[in-house]
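Subject: Structure handover

Hello,

Here is the structure for your own work. My notes on it follow below.

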Amino acid sequence: MQRDEIDGVTVVWHPAPGQLSATLTFGCGLRDEDVDRIGLTHLVQLLVTDAVGVPVDSMASTIDSHFAVAGPPESVAQRLTAVCEALTKLPLDALDDVAASADPGDRFLDLDIDDATRDPWGSLLAHRLGPAGLGLVRWAPVAYQQFSKDEIRAHVARGFTAGNAVLALSGPPPDGLRLPLPSGPRTSATPSALPAVTTPSWYADEVVAPGMALTATPGPESLAVVSLLDARVSSALRAHGLDYWQTCWYSPVDANRVEIGLSLHAVKGRRKADSAYAAATLWRELRRLARGDLTADDLRPIADGRARYDDLERTAKAALFEVTDEPTSNQLAAIATLSPTAVATAAVGWLRSATVVVPSGVAAELDGLTETRCPTSEVVPTGEVMRPSRWRRWRGDDDRLVVAADGFHVVSADGRVHSFPLADTMVIERGEELLLGNLRHGCVVDVSAYAGAELLGDLLPARRRRRAAD
């Protein structure tokens, strides 16, 4: 791997066969936004690609965003220069057209999540981290028409700078390549101030299936734990006759912390799902690892069994962030050198940070985990009362929704009041569903059944009314 610098931008490259490929990566992603600016990074990318007017691929993730091009060296150089020139003086004349043509319901992140609102991993991050950084994954983006030009310019000035960029190439830099980006510091190494989980627990939420998260230290031990969990949970669920597909997660918070875990999804069209058993399996297999129930033979296949990644791009990310959301081949190879004792010791240290989520209504039995619920009260506020349809009440659904001056309050049949203060509430349209999100709690409640609930969004600021992919 060779290293260079062009116009203040770090450049890494090594020779590879085929046409020249280039990825210009910035340390600016979802964790650099806030709850009322979700999607701003992706809007910048859309404006840049519209201004460049030639083929450029772009993608945003939780920690970064990038522009990728490939082709003859001269063409690659021209397109990269055009991208940088557009970022230096971003043309906003086409803002209305670009914003109108983009579908805010589309997931814009490079994540294997179709519906983050009901996805277990989105729920876990929101529940554990709050409405900041990776905790924003659950919430749908703001409608792009609502962003102002001043907000867009300020976001570019903070995150799309020469000091906050790395260019990865599959060959030497083309002659005459210029990267005229504005100067600015690297922003991605700021330590996280997000809360830490120190008590193992479980909770119920509006999710499609169970999931589990724990806080770990970036490195081969955390990669080994999540990879072994992935394989063992899959084997255990299949042996029990359950039809789930799963995603293992390795989501860096900063250079010293990563959230790892699994999310499960029932296979569509089949009914062999058991959320209570699946949740128990997640927790049981993690404890098995912590007990040291593994051998060196368990560790050796992980590097070869994982998909091969573009080391050039991963190395660039590691240079930029000091941690990457996908392992490089060197990191995977390091797993084979670990001892079973080292992996078990790491799992023991992270065990107390574990959180399991199950779908609402599931009666989970998770020995050693404390059930947590959103704070509730028994005081029913005064306000307009919305009730479910007569049909749902006849079936026993006697909950009600009270619209008060200070927010929305879901009152359950047993008298518990779950409050959604106006400052912490988001209304999310998802197909025919209407969901209330409590940003502080990280939870979602389905209020579709309440007559008149479609008017709730009118009581919130425009940016707290979102449309999610269904």
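**Sheet with E5**

In E5, Ser65 is the bridge partner of Ala60. The model is predicted, and residues are numbered from 1 along each chain as its sequence is written. Local features need pLDDT of at least 70, side-chain atom pairs count only at pLDDT 80 or more, totals for chains, interfaces and linings use all residues, and side-chain values use heavy atoms, with hydrogens and water left out.

Helices (H or I, at least four residues) and strands (E, at least two) are DSSP runs, numbered from the N terminus. Two strands count as paired if DSSP finds at least two bridges between them.

Strand E4 (residues 57–60) runs antiparallel to E5, with 4 bridges between the two. E4 and E5 make a hairpin, and 4 residues separate them. Strand E3 (residues 20–26) also pairs with E5 in the antiparallel sense, over 7 bridges. Ser65 of E5 is the bridge partner of Phe26. Strand E5 itself (residues 65–71) is mostly covered, with 6 of its 7 residues buried; buried means under 20% relative accessible area, exposed over 50%, and partly exposed in between (1.4 Å probe, protein chains only).

The open sheet has 6 strands in the order E1-E2-E6-E3-E5-E4, and its pairing is mixed. Strand E1 (2–6) and E4 are the edge strands, each pairing on one side only. On average, neighbouring strands of this sheet are turned by 20° against each other, direction ignored. Axes here are lines fitted to C-alpha atoms, for helices over the stretch in contact, and angles run from 0 to 180 degrees between N-to-C directions.

A parallel pair is formed by strand E2 (residues 9–13) and strand E6 (residues 165–169), joined by 4 bridges. In that pair, Trp13 stands opposite Leu169 of E6. Helix H2 (residues 73–88) lies across E3, E5 and E6, and runs at about 155° to E5.

**Helix H4**

Why is helix H4 described as largely enclosed by the rest of the structure? Of the 10 residues of H4 (residues 120–129), 9 are buried, so the helix is largely enclosed. The buried residues are Pro120, Trp121, Gly122, Ser123, Leu124, Leu125, Ala126, Arg128 and Leu129. They pack against strand E7 (201–205), strand E8 (211–216), strand E9 (244–254), strand E10 (257–266) and strand E11 (355–359). Contact means heavy atoms within 4.5 Å.

At the N-terminal end, Asp119 caps H4, with a side-chain oxygen 2.8 Å from the backbone nitrogen of Trp121. This rests on the polar contact rule: a pair of N or O atoms within 3.5 Å, where within protein one must be able to donate a hydrogen and the other to accept it, and residues adjacent in sequence count only if both atoms are side-chain atoms. Just after H4, Gly130 takes a positive phi of about 80°.

Ser123 lies in H4 and is buried, with a relative accessible area of 0%. Not counting residues up to four places away in sequence, Ser123 touches Arg138, Tyr203, Asp205, Val207, Val357 and Gly442.

**Gln246**

Gln246 is in strand E9 and is buried, at a relative accessible area of 17%. Its side chain reaches the backbone oxygen of Asp230 at 2.7 Å. With neighbours within four places in sequence left aside, Gln246 is in contact with Asp230, Val233, Ser234, Leu237, Leu262, Ser263 and Leu264.

**Cysteines**

A disulfide is a pair of cysteine sulfur atoms within 2.5 Å. By this rule there are 0 disulfides. Cys28 is in none, and the nearest cysteine sulfur, that of Cys84, is 15 Å away. Cys28 is buried, with a relative accessible area of 2%. The sulfur of Cys374 is 3.6 Å from the closest cysteine sulfur, in Cys443, which is too far for a bond. Cys374 is partly exposed, with a relative accessible area of 24%.

**Confidence**

The protein chain averages a pLDDT of 88, and 91% of the residues score at least 70; pLDDT is the predictor's confidence in each residue, from 0 to 100. Over residues 305–309 pLDDT stays under 50, and the model has 8 contacts for them beyond four places in sequence. Where pLDDT is low, the predicted coordinates should not be read in detail.

Regards
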